[in-house]
Amino acid sequence: MSAVEEPFLMPVEDVFRRGRQTMPTGRIERGRVRTGDEVQLVGPDRSLTAHVTGIDLHGRNADEASAGMHVGLLLHGTAGTAVGRGHVLAAPGTIDAHHRFTADLALLSEADGGTEVRTGDRLQFHLRTATVLGVVTLPPGADPLQPLHQDTVTVALDHPVALETGQRLAFRHHARAAGTATVTRLG
């Protein structure tokens, strides 16, 4: 299935006001959106819906936009403070926000910033446009995880973020890029 045929999803990079409407901007990750479509705002402490009243494509109006395009979506039905960087706009019911997930975590080499990771360490996770702190729990016998090694870990985030199985992410430890991970299970 091509990216355009999948359900709509756009991570919010920035938000602008146009009169009484809110215009989140970002690159459409998958699917397509049309003027009049209902979209769901998913992110920290919020999951609400809004209607797309317009699509801004580099300063001109469009009726439709699809995967790979960088757009602004004029929304009706959300408060201006409800949407922000790190949120995701999606087809209703296709993605949820989660506090916890299991992932295959891989550490970089020491030369590239990798360092030991222990159970209880707080890592900074970069999930699409969101940056969230989370506590990692290693499986028994794997503590600590050494640079250039990988293992399956459980992560408890400080606040819920839109996540799905198979999603790739990066993380930092001690303010340095430390590795990557792939979400294998939610909850």
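Biologist: What percentage of the residues in the protein chain is buried?
Modeller: Buried residues account for 44% of the 187 residues in the protein chain. Please keep in mind that this is a predicted model.

Biologist: How many helices and strands does the protein chain have?
Modeller: The secondary structure consists of 0 helices and 16 strands.

Biologist: And what does the C-alpha trace span along its principal axes?
Modeller: The C-alpha trace spans about 55 × 30 × 25 Å. The accessible surface of the chain is about 9,100 Å², and carbon and sulfur atoms contribute 48% of that area.

Biologist: Which strands form the closed barrel?
Modeller: The barrel has 6 strands in the order E11-E14-E13-E12-E15-E16, with antiparallel pairing. On average, neighbouring strands of this sheet are turned by 40° against each other, direction ignored.

Biologist: How many bridges join E13 to E14?
Modeller: There are 4 bridges between E13 and E14, and the two strands run antiparallel. Threonine 137 stands opposite threonine 154, which belongs to E14.

Biologist: Moving on to the largest nonpolar core, which residues touch the most other members?
Modeller: They are Phe101, Leu105, Phe125, Leu127 and Leu157, in a core of 23 residues. At least two residues of this core come from each of the strands E11 (96-107), E12 (122-127), E13 (130-137), E14 (150-163), E15 (168-173) and E16 (176-186). The largest share, 5 residues, is supplied by E14.

Biologist: What is leucine 105 in contact with, leaving aside neighbours within four places in sequence?
Modeller: Leucine 105 is in contact with Leu123, Leu145, His149, Gln150, Asp151, Val153, Phe171, Thr180 and Ala181. There is also a second, separate core of 19 residues, with Met10, Ile28, Leu73 and Ala82 among them.

Biologist: A change of topic: where does threonine 94 lie?
Modeller: Threonine 94 is in the loop between strand E10 (88-90) and E11.

Biologist: Why is threonine 94 classed as partly exposed?
Modeller: Its relative accessible area is 31%. Threonine 94 is therefore partly exposed, because that class lies between the 20% limit for buried and the 50% limit for exposed.

Biologist: Which residues does threonine 94 contact, apart from neighbours within four places in sequence?
Modeller: Those contacts are with Pro7, Phe8 and Gln40.

Conventions
Residues are numbered from 1 along each chain as its sequence is written. This is a predicted model: local features need pLDDT of at least 70, side-chain atom pairs count only at pLDDT 80 or more; totals for chains, interfaces and linings use all residues. Side-chain values use heavy atoms; hydrogens and water are left out. A nonpolar core is a set of buried Ala, Val, Leu, Ile, Met, Phe, Trp, Tyr and Cys residues joined through side-chain atoms within 4.5 Å. Buried means under 20% relative accessible area, exposed over 50%, partly exposed in between (1.4 Å probe, protein chains only). Contact means heavy atoms within 4.5 Å. Two strands pair if DSSP finds at least two bridges between them. Axes are lines fitted to C-alpha atoms, for helices over the stretch in contact, and angles run from 0 to 180 degrees between N-to-C directions. Accessible areas come from the Shrake-Rupley method with a 1.4 Å probe; for residues, only the protein chains shown count as cover.
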